[in-house]
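Take a look at the fold below.

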Amino acid sequence: MKKHYQYIIVGAGCAGLQLAKSLLQLSSNVVQSILLIDASATHEEKSWCFWYNKDHPYRHLVKKEWDAVQFITDNYATTQKIAPKSYQFINSLDFYNDCIAYFATDSRIEILHNTVLEIQPHQQPIVVTNTDTFTCDTVFFTNPKLGFKAYPKTTIWQQFLGWTIETEVPTFDDTVATMMDFSIDNTKFISFVYILPFSTTKALVECTIFSDCLAEPTYYEAILGDYIAKKFTINYRITSKEHGKIPMQLPPSENALPNNIIPIGTAAGCIKASTGYSFVRAMMHTKEIINAITNQQVVGNRQFKKRFLFYDALFLNIIQQAPNRMKYIFYKLFKYNTLRTVLQFLDEQTTLWQDALIFLHLPKMPFLNALFRTHKQPNND
Ligand SMILES: Cc1cc2nc3c(=O)[nH]c(=O)nc-3n(C[C@H](O)[C@H](O)[C@H](O)COP(=O)(O)OP(=O)(O)OC[C@H]3O[C@@H](n4cnc5c(N)ncnc54)[C@H](O)[C@@H]3O)c2cc1C
């Protein structure tokens, strides 16, 4: 094993794997050596979904996709096609295995299972693991704690428990994914159910919560059991479970890192604070990094549009301070905008004029109060 690499990537997860694979797609004149370090030798399986067009580097891994998406709340439901995009499902383990198989064919990359304790800034950054020390020209890292001394503590989490269930008789409409069904009790937590029907007899049904405190597993189980029994059937069997939490927070507003220590994935703010989705944002960031390397430019930090950081800050503030308003806010958002527009807004691709129209239909007081409480507009360095 070498002691010096051109690139070191810390974290073989969603962002690190995408970056490593994309770097290896460059010629060996440009990319000579990569060390990919991950603390864990195994990958924890997750269901990754995202909306995107049907042309991207991971199309071969899409196991199921839905052209139509549904939003439901009390007394209101809408199902709409989102063409040219679709809602796409990738099993993260397939993604991991695909990348690892790809790496096995290229001698420029080495994989090390070890915990990185620290990254020291130098002309050639020093990466310190449990047992070894490496230097590199550039290091990429996904764990925010490795790069930011004062990384804010996560205060709001998106938490979920999902059951993959199977039924004996056709039960699900497998042409429509339910992004949010808010027609469940929201008195204790902001919560909704998310449904991915893989076939007419198999679906992932997931209870999702946005909260600043962690919910007991029994809470989700009760909601899921009740929901499935009322909406579908009592005759089903649970074939697998998915449990997790995603931080809902803004990227660090200060980044004094040198140009050769580069945050990616979670550390780069690729998890959108208001939604928890990150797959496509990591894909876009990877593309930016590869473009910069190809054009021999400095790999800059991920740039975010300030106004979307500001909207996310307001949204997080409402989740914390006025959680009982969220169900109504979502209702208004989906009732007065097409799903395409909502997704475009969440992709941060709407114009200021479109944003104004979206906010026009949202209840004013929660946002004005949040504006008042959020003294400082988040900025992006
Ligand atoms: C159950 C579940 C379902 C999800 N569903 C979706 C979805 O549908 N769509 C979506 O877009 N997102 C989804 N997400 C979120 C998504 O998985 C994460 O946002 C994404 O994985 C973050 O990418 P990352 O590369 O920053 O971190 P990760 O993918 O978490 O990878 C980080 C890696 O770094 C390693 N690591 C951390 N610290 C160190 C260290 N000090 N030294 C060495 N290695 C280290 C870890 O072992 C890990 O392998 C889901 C998350 C969960 C938990």
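Which residues of α7 are buried? The model is predicted, and it gives a clear list: Leu339, Thr341, Val342, Leu343, Phe345 and Leu346. Buried here means under 20% relative accessible area. Helix α7 spans residues 339–346. Six of its eight residues are buried, so the helix is largely enclosed by the rest of the structure. An α-helix has 3.6 residues a turn, so residues three or four places apart point the same way. After α7 comes Glu348. Its phi is positive, near 65 degrees.

Now step back. The protein has nine helices and 17 strands. Along the principal axes, the C-alpha atoms fill a box of roughly 60 × 50 × 40 Å.

Next, the contacts. Consider those between residues at least 6 apart in sequence: 75% of them join residues at least 24 apart.

Burial can be read for the whole protein too. Of its 381 residues, 55% count as buried. The exposed surface comes to about 17,800 Å². Carbon and sulfur atoms supply 52% of that area.

Last, the charges. The protein carries 36 positive and 33 negative charges.

Terms used: Residues numbered from 1 in each chain as written. Predicted model: local features only at pLDDT ≥ 70, side-chain atom pairs only at ≥ 80, totals over all residues. Heavy atoms only, no water. Helix = DSSP H or I, 4+ residues; strand = E, 2+ residues; numbered from the N terminus. Buried < 20%, exposed > 50% of the residue type's maximum accessible area, 1.4 Å probe, protein only. Contact = heavy atoms within 4.5 Å. Areas by Shrake-Rupley, 256 points an atom, 1.4 Å probe, with all protein chains shown as cover. Lys, Arg positive; Asp, Glu negative; His and termini not counted. Charge placed at Lys NZ, Arg CZ, Asp CG, Glu CD.
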